[in-house]
Structures are given as C-alpha cells and as structure tokens.
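Me: I would like to learn how to read features in a model like this one. Please take them one at a time, with the general idea ahead of the case.

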Amino acid sequence: MEVENLSACLAVALKYEGGYSNTRNDPGNWTGGQLGIGALKGTKYGIAAHVYPALKIKNLTLEDAKSTYERDIGESAR
C-alpha cells in the first residue's frame with residue numbers, strides 16, 4: 001500500500017477495526033502475542049498490542065493511528 005492510498009484503506013478498515021477491545025481470549029491484545037503473555041493492552045483502530053507493545057493502546061487517537069500507519073508504510077517502502 002502507498003501512503004497516497006492510506007485514507008481510502010483506513011476508511012474500509014475502520015468499519016471493522018475502529019473500537020477499543022481488550023478481550024482476554026484474543027492473543028493480539030497481549031503484548032506477548034499469546035494468551036496471558038505480557039500485558040493485556042488491547043487493540044484499537046487495528047493497532048494491536050502484540051505488534052506495538054510500547055503504545056498505550058486504550059489512549060490512541062485516530063490521528064495517532066494514522067501517524068503509525070504512515071510511518072510503517074514509509075518504512076516498508078524502503
């Protein structure tokens with residue numbers, strides 16, 4: 001995905017991934033990526049604790065999520 005497509009992609013993704021979730025039985029909500037491993041930080045805007053363990057997921061704003069996606073897209077293009 002290119003940065004130019006981010007808005008269109010986010011519009012689709014956020015229909016399914018917008019809200020905060022910290023369901024204990026979802027491995028992606030744990031910083032260790034496995035049930036009960038690490039801290040239960042949850043997922044919001046498609047940003048998951050197992051991929052971003054240092055982020056305060058619950059406090060993420062939509063702008064924070066967009067910045068994270070933009071940064072990651074830029075890094076993957078290198």
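Reply: Start with burial: a residue is buried under 20% relative accessible area, exposed over 50% and partly exposed in between, with a 1.4 Å probe and protein chains only. Thr-43 has a relative accessibility of 12%, so this residue counts as buried. The model is predicted: local features need pLDDT of at least 70 and side-chain atom pairs pLDDT 80 or more, while totals for chains, interfaces and linings use all residues. Numbering runs from 1 along each chain as its sequence is written, and side-chain values use heavy atoms, with hydrogens and water left out.

Me: Where is Thr-43 found, and which residues does Thr-43 touch beyond four places in sequence?

Reply: Helices (H or I, at least four residues) and strands (E, at least two) are DSSP runs numbered from the N terminus; Thr-43 is in strand E1. Contact means heavy atoms within 4.5 Å. Leaving out residues up to four places away in sequence, Thr-43 touches Glu-17, Gly-19, Tyr-20, Ser-21, Gly-28, Asn-29, Ala-48 and Ile-57.

Me: With which side chain does the side chain of Thr-43 make a polar contact?

Reply: A polar contact is a pair of N or O atoms within 3.5 Å; within protein, one must be able to donate a hydrogen and the other to accept it, and residues adjacent in sequence count only if both atoms are side-chain atoms. Here the partner is the side chain of Asn-29, at 2.5 Å. Asn-29 sits in the loop between helix H1 (6-17) and E1. With a relative accessible area of 0%, Asn-29 is buried. Beyond four places in sequence, the residues that Asn-29 touches include Ala-39, Leu-40, Lys-41, Gly-42 and Ala-49.

Me: Which residues make up the largest nonpolar core?

Reply: A nonpolar core is a set of buried Ala, Val, Leu, Ile, Met, Phe, Trp, Tyr and Cys residues joined through side-chain atoms within 4.5 Å. The largest has seven residues: Tyr-45, Ile-47, Ala-49, Tyr-52, Ile-57, Leu-60 and Ala-65. Setting aside neighbours within four places in sequence, Tyr-52 is in contact with Ile-47, Ile-57, Thr-68, Arg-71 and Asp-72.

Me: How many salt bridges does a search of the whole structure find?

Reply: A salt bridge is a side-chain nitrogen of Lys or Arg within 4 Å of a carboxyl oxygen of Asp or Glu. The search finds two. Arg-71 pairs with Asp-72, with the closest N and O atoms 3.0 Å apart. Arg-71 is partly exposed at 42% relative accessibility, and Asp-72 is partly exposed at 23%. Glu-63 pairs with Lys-66, with 3.8 Å between the closest N and O atoms. Glu-63 and Lys-66 both lie in helix H2 (residues 62-76), three residues apart, about one turn of the helix. Lys-66 has a relative accessible area of 28%, so Lys-66 is partly exposed.

Me: In what order do the elements of the protein chain run from the N terminus?

Reply: The order is α-β-β-α, with two helices and two strands in the chain. Of its 78 residues, 24% count as buried.
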